[in-house]
Amino acid sequence: MAASGRHVGHYIQRNGRFLRVNLEGLWSNRSFGWTSALQQQAPEVKKDASESIVIPRKKTWNKIAVLEALASTVDRDPTAYPYQFQDDPYLSPRTSSEFKLFSLSQESGRSAAKFFVDSNPKFFTKDFAEPHIPCLMPESVSLRLEEVSEEALRERISLRKVTAAVDMYDQLLQAGTAVSMETTHDLLDLICLYCDRNPVQEGGPQAEEAEEAGEETKGRRGRTRRDIPKTPWKENNNAERIFNLLPERDSRCYSALIRGMVKHGAYAKAFSLYTDLLNDRLTGDVHLFNALILAAPELREKYNEKWELISELLNQMSQQKVHPDLLTFNSVLKALRRCGYVAKTKALSTLNEMKAVGISPSLATYDHILAAFYKSASSGPSNTEILLEVLTELEGTRLTCQDPDDVLFFSSAMRICLDGKDLELGYKVQNLLEVGDNWRLLGDSYQQSIYYGRFFNLLCMMEHIDVVLEWYRKIIPSRYYPNPQGMKDLLQALDTDSRLDMLPTIWKDIKSLGHDNKPDLVEELLALMAREEHSPEVQESFAACALNVKSVCDGRLSTEWSASALSHITTLLLRANKTQEAWEVLLVFKAKNRVPSEELLNSFLSACHSRGDSQGAVELVQLSAAFCLPATSGLASRALADFHLTEEQRAALSELEVAVESSDPKNQQEN
Amino acid sequence: MNQFISRTTIVARNRVLYVHESFLSSNCDNVFRTLNKVGLKTFCTNSVRLCEKKDNAGTSIDSQTKLPEQKEEQRVLKTEDRGTADRQADDNSKQLLAKSQQPKVDTGKSEKENLLDLLGAMKVEVTNKRKLKTMKRQQSIESAAQYKSKPADMESTISMFQKATEEASSQSETLSPDLVAAASAAAATLPNRSRAESELLRQLRERKTLTEAQKRGDMNNIGVIIADMKVGKNSNRQNAWPSDQIRFDEDGRGYTHDRGITGELAGVRKRRNLFQAKRLNIFSPGTEEDGIKAALAKPTLWDMEFAHQLCQSTNQMPRNGFEEMIQWTEEGKLWQYPINNEIGLEEEASVPFHEHIFLDKHLEQGFPQHGPVRHFMELVVAGLSRNPYLTVKQKKEHIDWFRDYFHHKEDVLNEADVYLT
């Protein structure tokens, strides 16, 4: 009744909307009619005067507009594998490690092919495509110009061959040829960017590729590694040598060097070079200042001094009429993260400075601000409040990536929600993520898994189980492969809202996620199933599940059965009246040198009793005696009292009863 | 627990509260009498209890409530009390969800001792996450609606309450009605509404009592208070979420912040805009020219590297076939939409079609007017005019080649007498 009432309400609501839409349509038609009539009247008046006809402008479509429109009609299918894996059924990832492996192998296959094509252009000369498709043809990666000339130097620079370019430059200098300023700039840029080392060839063979992949998967760890320069800046390397040889230096040369030094960790050197620049009465450019601001916290010890250095740099920027950009402010905020308590006061004023200058903040800006207010141990109210502010500010906006750090925002925002146990805020973050193409800002698969892991953890903690399961089906495993801890969270949520009947399905998921080899997770599952008695159907499914658990774990060689896991399985089987299977599990106890509890044996005996299985009872008591359990005599006497036994059985049992009694009189007293 | 206490102390210190002399009197009768004298502006601990006795019939204070006080006055007191509780709630907004058990007050003791007992018996209950959620949901409902939904017997209270609020607002401290709304909203979500509400308010009031006690110099007694205080936790799993006092959760995530109703209300009030802080005042807004200048500059290697980095960080695999096609289009592998047959023929776009077809004019110079060569060339031109695969330039080159060829062979042709000019 209630349901039907709700249906009626639903229909009314829907129809109401339909009606309203129609009415709105009518209204807009009407108003449109008016305006067109007005427009018709207007030209009539004009007609005599000029007779001008305004031809509407041709609408030009972007080449991908049609495809974008089509793509927006496709919804995500939570039951399907990611699109990249749909071609090949062999490449269907079920766990996060498989996902990593498959996507990386796909990528590396592509890179290998590209590398082969590029390094053997003579085999790929035929151009089938009409019109010509440049990206299908081999790129030239080898040097063609051999003579000593500026042209050859340019070629080496464009192919990013650092050492070859430096050699060529030296040869040119020895030959007495002057190299143009522009080429020198490019050369310095190249050397500083790659720190006087040949860069990793894109699509190059083995090691480099693996390293890049490692960075991608390691994510956050990779990020810290990215911040710490891999190759330190060497004293008097080629960049500095060439720089010192230059007859005249302009600010671009300085900028290239300073950026290179900051990028590769020579912070103090960068600042001394900046003083040289000022002594030469030159002005820096914005990139130079951005680099210096990032380096500023490295040079000072105290938080106050760090900030003073940053603000001094900013003041110099404004004196030198250098206009700041988004990256300037992001660098300031990033540097502020290392300024301790100063950050709280200065972060917001920096944000307002941005606003005053007319630069709209990116996600990285907000990420840095959140970090400034974030203190993991004692999150006061301010932290979530700031996040709330940020989210109200951002609500419904379509974001674009403007800073490589933008991709860190979502996962850190979700961490704040999780730490504050703030479900509402978590939903707000998720909503922001679902706007437009914002999902692209979630970063690589590692960042994604962090984000969804936190979100799911928050849901399990705070949300009602039905909603949790809805999300579970939505994001797992199409977007997120939960780790064992995530599955435990889910189990706890099921327990809290007493939906333990879901456990067999969850077990299937655990299996497919490859977590069935985690003993603690399996044990927790079994314990939850065995803890209470349920309705017969549920018990039936639990027993089936327990058998499945057992067979899966037996299939593995290294399984170490714990006594509690085995007794949980036995209990579950007994509750579902699967005495035979339960007996087999009891034998496993013996085989694995585990000792069953007295309680378990008693309940087994009761199960035998209810089935009238006297032989089983005798065997049980014999098994118990084989374990040398103190409870044996009790079991034996219970079996003697309760069962209809043959003479032989009776004799065997009473023997056992007496044997244990004599060996352990204390036990007898207890019984 | 220590944190809880210290916070309370802080609250107490921060807050300047109105303490009436009458409160010091040891006899509750006196309290009521003074109350009558002073009017409605006094805060009274006992008054609410008068109205909530149904749950606590056994407490000694009940016997006092049965003293010949007029019913109306009780009501007034109750509503007044709510008004004061309201004020109290300003401070203790976060504590709203904590409920205390009914304290036992002995008449024989002094008022100060009463306070201590009161606190000693205080038991902070815990609430579970679902309750919290329902509260959050309910909170959006207008407080007015909440009042309307109450039973009729509450209505008189409400009118009194409004009156009391008006009176109370004339005091040194003004009250915010949304706090009371929050209290009743919270109470409305609990099963026993009126009881829960009164419990909430009592808790607030007790807080105030503590405040006053400490204000009067009872600070040295805080140790006793702490010693006597006991925090009960329900063993029921449903109540697994401590709402207030100690918020170090089992998962060790640290001190967590409850965003209950009051927290949210406080947030609304205290709401600090991100963009209201002072700016650094270093830069002046830039002009358009800067941007244009930057855009005109040739991209350096650094710019390319930065773009590559951006692209790498956002690079996501296509989610469906269309997105893959977008990717291919951008790489130039796919025919572009909308379909255009002349794609890739950009260099020919400016050439009109007659240039392709009427090629006779190229035969005007350098070729004989008659004869087999002319005939041959006319056939060549006819063929070229039907060839869609060559550009006009290529066609001209083709004709030029023949012109050169025949010029070179001019001697031979003249001998054969076929080259006629």
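Student: Which residue forms a salt bridge with R338(A), and how far apart are the closest N and O atoms?
Tutor: In this predicted model, R338(A) forms a salt bridge with E298(A), and the closest N and O atoms are 2.4 Å apart.

Student: Where do the two residues sit?
Tutor: R338(A) is in the loop between α14 (326-336) and α15 (342-357) of chain A, while E298(A) is in helix α12 (residues 286-299) of chain A, so the pair ties together parts that are 40 residues apart in sequence.

Student: How many salt bridges are there over all chains?
Tutor: The search of the whole structure gives 27.

Student: And how many across the interface of chain B and chain A?
Tutor: The rule finds one there. E305(B) forms a salt bridge with R160(A), with the closest N and O atoms 3.6 Å apart.

Student: What about the interface itself, how many residues are in contact?
Tutor: On the chain B side 69 residues are in contact with 98 residues of chain A. About 7,500 Å² is buried between the two chains, and carbon and sulfur atoms give 59% of that area.

Student: Which residues in chain B lose the most area to chain A?
Tutor: L274(B), F283(B) and W302(B), which together make up 12% of what that side buries.

Student: Switching to helix packing. At what angle do α27(A) and α29(A) pack?
Tutor: Helix α27 (residues 579-591) and helix α29 (residues 614-626), both of chain A, pack at about 15°, and their axes are 11 Å apart. That angle makes α27(A) roughly parallel to α29(A).

Student: Left-handed or right-handed crossing?
Tutor: Left-handed, as α27(A) passes α29(A).

Student: Which residues meet?
Tutor: From α27(A), W583(A), L586(A), L587(A) and K590(A); from α29(A), E619(A), L620(A), L623(A) and A626(A). By class, that contact has six nonpolar, two charged and no polar residues.

Student: Backbone next. Which peptide bonds are cis?
Tutor: Among them is the bond from I476(A) to P477(A), with omega near 0°. P477(A) lies in the loop between α21 (465-475) and α22 (484-496) of chain A. In chain B, the bond from Y337(B) to P338(B) is cis as well, with omega near -10°. P338(B) is in the loop between α16 (321-331) and α17 (353-357) of chain B.

Student: What is phi of D196(A), and of N236(A)?
Tutor: For D196(A) phi is near 60°, a positive value in a residue other than glycine. N236(A), also not a glycine, has a positive phi near 55°.

Student: Where are they?
Tutor: D196(A) is in the loop between α6 (181-193) and α7 (207-218) of chain A. N236(A) is in the loop between α8 (220-227) and α9 (238-245) of chain A.

Technical notes:
Residues numbered from 1 in each chain as written. Chains lettered and ligands numbered in written order. Predicted model: local features only at pLDDT ≥ 70, side-chain atom pairs only at ≥ 80, totals over all residues. Heavy atoms only, no water. Axes fitted to C-alpha atoms, helices over the stretch in contact; angles between N-to-C directions. Helix = DSSP H or I, 4+ residues; strand = E, 2+ residues; numbered from the N terminus. Parallel < 35°, antiparallel > 145°, perpendicular 65-115°, else oblique. Left-handed = near helix turned anticlockwise from the far one by under 90°. Contact = heavy atoms within 4.5 Å. Nonpolar A, V, L, I, M, F, W, Y, C, P; charged D, E, K, R; others polar. Buried area = accessible area lost by both parts, 1.4 Å probe. Salt bridge = Lys/Arg side-chain N within 4 Å of Asp/Glu carboxyl O.
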